[in-house]
Amino acid sequence: SHCGEDFLHCILCDADGRVTILDLESNGLVGPIPSEIGHLQQLKSLEVSCNQLSGPIPSEIGHLQQLESLGLGGNKLSGPIPSEIGHLQQLESLGLHNNKLSGPIPSEIGHLQQLEILDLSSNMFSGPIPSEIGHLQQLESLGLGENKLSGPIPSEIGQFQQLYYLGLGGNMFSGPIPSEIGHLQQLKILELGRNKFSGPIPSEIGNLQQLYDLELQNNIGLTGTVPVEVGQLKSIMQAVFSNTSLTGGLDDLPFCENRKKISWFSLQADCGGLNPKTTCECCTECCGIDENGRNPCDDH
């Protein structure tokens, strides 16, 4: 969240005096979003993040069919995302992060086929990722971290040819990591930590030649070794494999060479404590339970 910074507040109108941009970010607003917001039918940008707004997102927001950007993050909004959100078919950016929103991600979100940025992180959403999310072919950034989402990752996740950020950490996702993630050729950041994934790391992650941040920590069901194909990702600057059931050595993996080249290189694995699961001399931090029953990596 970027709350607390100073922002320029503005209201812009078209030649006929109709409001097209309403930017009241970080403006100390309190109370509910009025249903009358739906009357501003020429609105292209509504930015009211980083306030103290509360209550539900009004269904009348679905009347704003010219809307290209909707920013409601960093408030105290609660309740579900109204299904009427699917009417906003010009929407390119949807930010609902850092609220108290709950319920499922509505399948109608799949109607937003111009969407480039979707941030629902740090709420209380539950249930699965709807398969309709695969319709969002323009998506560049998908943030669903820090919720209560569950179930498997739908294979449709592999259809995002423009995606550079996939944040799914801090949920209850289960099952295998889908091999289709290897289709995300533009992906730079993959956050899957703190879930319930199981099985091996798919070797297809090794196709992600732009990837520099790979986070798989706190998935105790992950087994096997780090695939050679993943180790060959020369772009890796941070990889986190701690608190999993991965075994084997990491020192022969080519991305270990980056420790010598990149001062901010970070590699974390279960190579410490009383019963190390892996060997990793090139790790910047070795995790594991010590004689005092503590794991230094639990402090992060």
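**First stop: the disulfides**

Select Cys271 and Cys286: a disulfide joins them, with an S to S distance of 1.9 Å. A disulfide here is a pair of cysteine sulfur atoms within 2.5 Å. Cys271 sits in the loop between β22 (266–269) and β23 (278–279), while Cys286 belongs to strand β24 (residues 285–286), so the link ties together parts that are 15 residues apart in sequence. The torsion about this S-S bond is about -100°, so the disulfide is left-handed.

The model is predicted: local features need pLDDT of at least 70, side-chain atom pairs count only at pLDDT 80 or more, and totals for chains, interfaces and linings use all residues. Residues are numbered from 1 along each chain as its sequence is written, and side-chain values use heavy atoms, with hydrogens and water left out.

The strand names follow one rule: helices (H or I, at least four residues) and strands (E, at least two) are DSSP runs, numbered from the N terminus.

Now show the surface around the first pair. Is Cys271 buried or exposed? Cys271 is buried, because its relative accessible area is 14%. Cys286, at 33%, is partly exposed. The cut-offs are these: buried means under 20% relative accessible area, exposed means over 50%, and partly exposed lies in between (1.4 Å probe, protein chains only).

Next, select Cys280 and Cys283, whose sulfur atoms are 2.2 Å apart and form a disulfide. The angle about the S-S bond of Cys280 and Cys283 is 95°, and the link is right-handed. Cys280 and Cys283 are both buried.

Move on to Cys287 and Cys297, a disulfide with 1.8 Å from S to S. Cys287 and Cys297 both lie in the segment after β24, so their link ties together parts 10 residues apart in sequence. The link of Cys287 and Cys297 is left-handed, with -80° about the S-S bond. Both Cys287 and Cys297 are buried.

How many disulfides does the rule give? The count is 4.

**Second stop: a pair of rings**

Select Phe173 and Phe197. The structure holds 1 aromatic pair. The ring centres of Phe173 and Phe197 are 6.4 Å apart and the planes meet at 20°, so the pair is stacked. This pair links distant parts of the chain: Phe173 is in strand β15 (residues 172–175) and Phe197 is in strand β17 (residues 196–200), 24 residues apart. Rings of Phe, Tyr and Trp (its six-membered ring) pair if their centres lie within 6.5 Å; planes under 30 degrees apart count as stacked, over 60 as edge-to-face and the rest as tilted. Phe173 and Phe197 are both buried.

Where is Asn195? Asn195 is in the loop between β16 (189–191) and β17. Asn195 counts as buried because its relative accessible area is 6%. Display what surrounds this residue. Leaving out residues up to four places away in sequence, Asn195 touches Leu168, Gly169, Gly170, Asn171, Met172, Phe173, Asn218 and Asn219. Contact means heavy atoms within 4.5 Å.

Zoom in on Leu168: its backbone oxygen is 3.0 Å from a polar atom of the Asn195 side chain. Then draw a C-alpha to C-alpha distance from Asn195 to Gly175: the two are 9.9 Å apart in space and 20 residues apart in sequence.

Select Ser121, in the loop between β10 (117–119) and β11 (124–127). Ser121 is buried, because its relative accessibility is 16%. Which side chain makes a polar contact of 2.6 Å with that of Ser121? The partner is Asp119. A polar contact is a pair of N or O atoms within 3.5 Å; within protein, one must be able to donate a hydrogen and the other to accept it, and residues adjacent in sequence count only if both atoms are side-chain atoms.

**Last stop: the whole chain**

Zoom out and colour by secondary structure. The protein chain has 2 helices and 24 strands. Along the principal axes, its C-alpha atoms fill a box of roughly 70 × 40 × 35 Å. Buried residues make up 47% of the 300 residues. Among contacts between residues at least 6 apart in sequence, 47% join residues at least 24 apart.
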